[in-house]
Amino acid sequence: MALPPPDPQFVLRGTGAEVQTLHFYCGGQEPDYPILLSGSSNGLIHVWNLKTRRVDTILDGHGGKSVYWVEAIYGRDRLLSQGRNQKICLWDLAEGRNTVTDSVFTENVGFCKCSLLKVAQGHWLMAMPGKDLDEVQVLELPSKTSVCTLKPEADAKPGMPMCLKLWQPDFGSCPFLLAGYEDGSVILWNLSGGKILSRLACHQEPVMSLDFDSEKTKGVSGSSEEVLTVWSLDEQQNLKVQKTQKLVNAGIADVAIRQDKKILATAGWDHRIRIFGWKKLKPLAILDYHTATVHCCSFNYRT
Amino acid sequence: MHSAYGDIILTLYQPSTLPHLGFAVSLLLALAEQEKAKQIKLAALKCLQVLILQCDCQEHHRLLDTVETRQCGNLFASFLPGISTALSRVITGDIKQGHMVTVSAIRLFYHTVSLVMADEQLATITKDEEKPSVEQSRLSELVVHRGPDWVKSTADKLSLLIHKIVEFASLHPHWKVRMELVELVHHLMLKCSQSLVESVGHLLKALVGLVNDESNEVQSKCHEILRSIAELRTVAENRALADVLSENLHSLATALPRLMNSQDDQGKFSTLNLLLGSLKLLGPEVNIVLNSAAHLQRLSKALMQVLELDVSDVKIIEERRWGPAGSLGEPSGSLQHGLRESKCQKKYFRFFIDERIFSLIQQICRVLGYYGNLYLLVDHFMGLYSESVVYRKQAAMVLNELITGAAGLGVDVLQERETAVSTEDLKGTITSILEEYIDQANWSLTTSIDTEGTSDELTVKHSRARAIPGGAHSSSLISSFSPSSDPSPTIRSMNSNIWQICIQLEGVGCFAYVLGKEFRLLLASVLYPVLEKAGDSTLLISQTAIGTMVDVCHACGYDSVQNLINANSDYLVNGISLNLRRVAHQPHASRVLEAMLRHSDASLLPLVEDVIRDVLSALDQFYDDRASSFLGVLSTLVAALVQWFVVVKGKEHPQEQNLEQQSSTSSQKQGKGSVITPMGQEVEQFLLDYIKQKQIAEGNLPAMEEQEEEVQAPHPEPEMNDTGAEGETPLPAHAQIAKDVMERCIHLLSDKSLRVRLKVLDVLEFCVTVLHLHENQLLPMAHRAWPALVTRLINDDPLAVLRAFKVLCTLAETCGDFLRRRFSRDVLPKLAGSLVTQAPVSARAGPVYSHTLAFKLQLAVLQGLGSLCEKLDLGESDLNKVADACLIYLSAKQPVKLQEAARSVFLHLMCVDPDATWLFLNEICCPLPYEPPHPSLHAVKLGGMGRQRTEFTDNVLGLLGELQRRETAAFHARPQEAPEPHPPSLPEALG
């Protein structure tokens, strides 16, 4: 008999609304405790102390509108959050402060989460949905200057971008952007040229989420259907479908590959979190605790 | 001698005078030994003492310089054997010789020995010391050369003597002798610790043994000396001594189990004292001993065996926590707990009874923890803990004390250790111990046979234990665990489990005490298991757990258990919701929730809301087998809701309610128009009403509308306020929960098991109480619950009927007229019928009857019926039914209590309809003839007129008197009214 799936270690209560996004910050240098950032649909961002398992700080900066992306930047004292009030805020949390020091107004009203990539010490690239419906804008942080605007050709009509993933093959080399679109296709953009390198129609329905393993040049995407698609990128920068995994229930809200590239987790609309082996997509476990749609999943991995 | 001063006296102590001196010494010794007269003995000893220049009299003595002392030492070395043996004979002689002799003999002994064997002197003596003058060669044979060889052999011989003396004197009945012995030890330890290494063991034994002497003076002296010895660090500097001590320790540890078996409590006490003393003396050096595996092994095994608990007592399992009723009063109880300092449960050991022995062992462990290498010790004892079930309890006990000692708490030591254990280290150690303690395999043990679903719990535990892979001792865990999970656990094993849990709980308390506020971080994992045990059905465990909670509370700086639970409810809720997911752990989880609810207050509710939902859904899944365990939680839950919300509400809005009541009663009274309005108007009003009623009956609509408006005018306003507002706003959480619970109850009302049904009825009653402010929710629920409730009332076990009737009363109180029709249709006939049929039985029955269930049922029905009639505002025919049924109970033949209850029914009936009651009672028995005030009226004819005295007469007359009294009271309240009290039966006469 197979072992029963493990129980949760701990259930963090008290967000007061659905949790839309999660981000672990494990520190690294400091021997300090890890923190977890969560953004919920009531517009609050909670900073959880994973040692006491309680909320350290509650940030309210999105006017009660759902927060659907948070990420720590500059260590644990700064964080970026994106909310449905069309704002991306930079928070300063150092020394007990909790103020918004900077914000970017996005003209897009979609659900697309931003993507952040550290390109050099103190410099980041942030991809975010742009003004036009099908456009993606890439900003350089902290200067907020626009690096490029990625707009598909007029006849391509992929619809709105749904999910973004910035990556670069090696540190310092030219970054790429993977974007999942409303029509179910995944497009690989070259940021330096602003050109489409490859386009892969891998879903019938909008791509809800994707993650990419730059070591194996292999990625995974989930949509509102009941399939999970794994695709790979060959030397000619072409995306190819490698494998599709059928699921029992439709709807993948989030996918995440663990930092050690060993396992993959999916957050499902069927209230379940599924764990797969990343190499062969072997199903490992179904974590069944939630009683409503799981919107996001995230790995805490200390290197 | 005293008169001789200066150098003169020294000439006496030249080798040349040796023979003369020798003669004197032997003479004195012989005197001391053989003389009968005490005085002479004493004088002889005294003289001898002077002779060896150790006089302790007040007179001034010339202090000898070191060279001279050495000379003397050399000289007396020759006499040492003789003196010491003779003295030892004196000391160990007949007790009857008087303590003074013994005391001075001891004194002389140690003075002599310390003079000759002094470390200082011996150190200066070299091998090639010049021989005393050659010409006196004959004398020189007498002079002893105190070389190492001599020292060695003398020490050996002395050690025998010292051993004898110590043995004898430490048990000497007179305290002065023991005191002198202490002095002896002090002197010798101070001056000859190197030369007399072999005897150090004996000496320490004496000293340590006397630490807890009956005499305070001896005690304090011992302490002082021990301290001074420890301070001198002779132990630390003297390897040989340390070796002796550790050897001592080893042999003691080896012998301990045997001694524990054979000695009496006093003997055990001194043995352990010795062990403690040597540990204390070793101080930081104890690590040398502990680092040797053999020593540690011996010591730990000895402790394990000594601490073995007696687990054959049956009472431990038998004692149960009694029902939730008792535990609801716990907050006050736990306050009392808070006052007393952490007091452990009394343990019963196999090998000793004396409490002092246990505290000694505690001290031993603490001293070990204080000085010893914590990691080494904890590791070792954890090994023992997981090695076998046999050692587990003892090892846990030792671990608890080790940690306490390591933190330097409650430990009494002679010297400070160099480095204290850091808090971080302690925390790490404690965390790992706690992990082991609260592991399922060590925490959820079988403690009683009748736990529901024990079998599946066990199977799950088994699978869990196997499911933990890797762990170094997982295999041993399982193997050692399986005997305790034997399908038919013996009393012994269950007792042992209970004790294990208790000890572990105490450990948690200790650790909290050690860590103080730092412990808060560990609460996340620890609080849930502790609270789980607080709800355990075994008295011992739940008491210990509550004690632990109090300790934790103090340690973490919370003012009360309630605070503790409230501040950490998120941790608890997490544990509960995770455990609810496992079928086998559901009872535990629900128990924790119960304990949590019991100890907390309303602020907890928002947090537990989702857990309660989980509980309900879990209940939905397991209606059949687990209903009763969940019902426990539900009943605690709703009881808590009642306590938190209903009582509080009542206090908050007493005025509102009063107003409402007033308005409603006044409207009622206006409607009836019989009590408040004065008599004259009363009749008038009645006639008017009567006419109106008649008109209504004839279908005169306008009049009816008027009437309705008039009567109901006061009603709508409060109702609009109450229900209108609540209809819009969402239901408060507690009401919603109560509603959900009630819904489940409806299904469970017809459960197969009587116990479940009874419990459900209880829960239902609470739900009704909670919901009574939310009529919109309550009425539909009452409607749905009604059929099931009626079945309970009509055909069920009498117990259930009783309970159901109580629910009915509560329901009537809150729902009122909503139930009127249902009641009169479904329940009343049956109730009245049963009252009537039971009446002859109770009338005939003897005194024993009042203990039967049937009696209680009758009583309850009669007691409740009156107020029920009033609350439900029953119609006339129903009232008649009630009156008919109750009348039989007014009979003097009925038991007194039933008569009283029946009278109370009639009193209530009087409130509802005094006239009808009056008439009814008069039909039975009428004390006064009623003359019509005017001849044009018919003469009043009542059934009771002119009857003979019957069995009913007394009660009826009493009731009529009461009725009369009430009327007059009402009348006197309005003195301006007509002088003559109208009998209220006038309308009947008219009709």
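1. Two strands count as a pair if DSSP finds at least two bridges between them. In this predicted model, strand β11 (residues 136–141) of chain A and β12(A) pair in the antiparallel sense, with five bridges.

2. The loop between β11 and β12 of chain A contains Pro142(A). The peptide bond joining Leu141(A) and Pro142(A) is cis, with omega of about 5 degrees. For context, most peptide bonds are trans.

3. Strand β9 (residues 115–120) of chain A and strand β10 (residues 123–129) of chain A run antiparallel and are joined by five bridges. Ser115(A) has its bridge partner, Ala127(A), in β10(A). The two strands β9(A) and β10(A) make a hairpin with two residues between them. In that turn, Gly122(A) has a positive phi of about 80 degrees.

4. These strands belong to one open sheet of four strands in chain A, in the order β9-β10-β11-β12, with antiparallel pairing. β9 and β12 (145–150) of chain A are at the edges and have a single partner strand each, so one side of each has no neighbour in the sheet. From one strand to the next, the twist averages 25 degrees.

5. A further backbone point concerns Gln86(A), which is not a glycine but has a positive phi of about 65 degrees. Most residues other than glycine have a negative phi. Gln86(A) is located in the loop between β6 (78–83) and β7 (87–92) of chain A.

6. Turning to the interface, 14 residues of chain A contact 15 residues of chain B. The area buried between chain A and chain B is about 1400 Å², and carbon and sulfur atoms give 44% of this. On the chain A side, Asp7(A), Arg13(A) and Arg54(A) supply 44% of the area that chain A buries against chain B, more than any other three residues.

7. How many salt bridges are counted between chain A and chain B? The count is one. A salt bridge links the side chains of Arg54(A) and Asp570(B), at 2.9 Å from N to O. Arg54(A) is also one of the three residues named above for buried area.

8. Seven residue pairs are in polar contact across the interface of chain A and chain B, counting pairs with both residues at pLDDT 80 or more. On the side of chain A that touches chain B, the residues divide into six charged, six nonpolar and two polar.

Key
Residues numbered from 1 in each chain as written. Chains lettered and ligands numbered in written order. Predicted model: local features only at pLDDT ≥ 70, side-chain atom pairs only at ≥ 80, totals over all residues. Heavy atoms only, no water. Contact = heavy atoms within 4.5 Å. Buried area = accessible area lost by both parts, 1.4 Å probe. Salt bridge = Lys/Arg side-chain N within 4 Å of Asp/Glu carboxyl O. Polar contact = N/O pair within 3.5 Å; in protein donor to acceptor, adjacent residues only side chain to side chain. Nonpolar A, V, L, I, M, F, W, Y, C, P; charged D, E, K, R; others polar. Axes fitted to C-alpha atoms, helices over the stretch in contact; angles between N-to-C directions.
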